[in-house]
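Please work through each task with the sequence and the structure at hand before reading its solution.

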Amino acid sequence: MKDSCPSCGSYIAIHRHAISGKKYELPLSDLKSCSECYTPLNQSSEEGIRHYIPRIYIDFLNAFIKKEIVFPIPTSHWLCVFSGLWVLASSLTKKRSEPLSERIEWASGIPLTSVKNPKGIDSLSSADRCILMSAVFWLLEDWPYRLVALSKGTEFSYSVLSDYSFIPFWVDKVFKEEFYGRKYFPSDQEFLMAFNHLRRKGVPVKACYLADLFDADVTACHKRLSKLFS
């Protein structure tokens, strides 16, 4: 698998064939060529990614393939898992996260400071993405304590999440309580997702069950239920 063209170095983006060519139907023959210079993408030698990959990353990939969830965060919803991983990875590439990246590299041995992200995670090479995600999974091995401890005294704060419209509760809770000093309470969207999750599981949707699920105040959960379903 390649992430860039062996000829011009452009990142492989299959959808750009339709954009640059203004086509609504993409011929299958185009998929084997670079969208910028049209060089066949199979004209390159094989390369491997050689750097540290934590065991938890490999375990996660195996669990995903087998549809078995073994993950150190309080959720069984794959959308919440992947959204949270995206938010964490993106936050580590921000300018104000550089001191934290240096500490993560020092503590873990993962060369995180070598990853540069001028245009977003999508622009990173596969090697850099693997380094970045290795750092994220290293943090998750002792979530959230490694992140909190290594962030102390740096500019890393809740404001790094300002660009994201949806932040999963398992990330939002840590950032609000540890970096913002504010007691976390789930949003209306999270309440509705939790409501549907409990109903699918056959669990009675009561304030006490939601309070346990979110580690929140029962009375506050009861008021939120009344507001949403009155």
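**Exercise 1.** State how many aromatic pairs a search of the whole structure finds, and classify the pair formed by the rings of Phe156 and Phe179.

*Solution.* The model is a predicted one. Searching the whole structure gives five aromatic pairs.
Step 1: A pair of aromatic rings is described by the distance of the centres and the angle of the planes.
Step 2: For Phe156 and Phe179, the ring centres are 5.5 Å apart and the planes stand at 85°.
Step 3: Planes over 60 degrees apart count as edge-to-face, so the Phe156–Phe179 pair is edge-to-face.
Step 4: Phe156 belongs to the loop between helix H6 (145–151) and helix H7 (169–179), while Phe179 belongs to helix H7; the pair therefore ties together parts that are 23 residues apart in sequence.
Step 5: Both Phe156 and Phe179 are buried. Together with Phe175, they form one aromatic cluster.

**Exercise 2.** Determine whether the pair of Tyr158 and Tyr180 is stacked or edge-to-face, and locate its two members.

*Solution.* 
Step 1: The ring centres of Tyr158 and Tyr180 lie 5.3 Å apart, with the planes at 25°.
Step 2: Planes under 30 degrees apart count as stacked, so this pair is stacked.
Step 3: Tyr158 is in the loop between H6 and H7, and Tyr180 is in the loop between H7 and helix H8 (188–201), so the pair ties together parts that are 22 residues apart in sequence.
Step 4: Tyr180 has a relative accessible area of 47% and is therefore partly exposed.

**Exercise 3.** Describe how helix H2 (residues 55–66) packs with helix H5 (residues 126–140).

*Solution.* 
Step 1: The two helices, H2 and H5, pack at an angle of about 100°, and their axes are 8 Å apart.
Step 2: Angles of 65 to 115 degrees count as roughly perpendicular, and H2 and H5 are therefore roughly perpendicular to each other.
Step 3: H2 contributes Ile56, Tyr57 and Phe60 to the contact, and H5 contributes Cys130, Met133, Ser134, Phe137 and Leu140.
Step 4: By type, the residues of the contact of H2 with H5 are seven nonpolar, one polar and no charged.

**Exercise 4.** Is Ser101 buried or exposed, and which residues does Ser101 touch beyond those up to four places away in sequence?

*Solution.* 
Step 1: Ser101 is part of helix H4 (residues 98–108).
Step 2: Buried means under 20% relative accessible area; Ser101 has 6% and is therefore buried.
Step 3: Leaving out residues up to four places away in sequence, Ser101 touches Leu92, Leu112 and Thr113.

Definitions and conventions
Residues numbered from 1 in each chain as written. Predicted model: local features only at pLDDT ≥ 70, side-chain atom pairs only at ≥ 80, totals over all residues. Heavy atoms only, no water. Axes fitted to C-alpha atoms, helices over the stretch in contact; angles between N-to-C directions. Helix = DSSP H or I, 4+ residues; strand = E, 2+ residues; numbered from the N terminus. Parallel < 35°, antiparallel > 145°, perpendicular 65-115°, else oblique. Contact = heavy atoms within 4.5 Å. Nonpolar A, V, L, I, M, F, W, Y, C, P; charged D, E, K, R; others polar. Phe/Tyr/Trp six-rings, centres within 6.5 Å; stacked < 30°, edge-to-face > 60°. Buried < 20%, exposed > 50% of the residue type's maximum accessible area, 1.4 Å probe, protein only.
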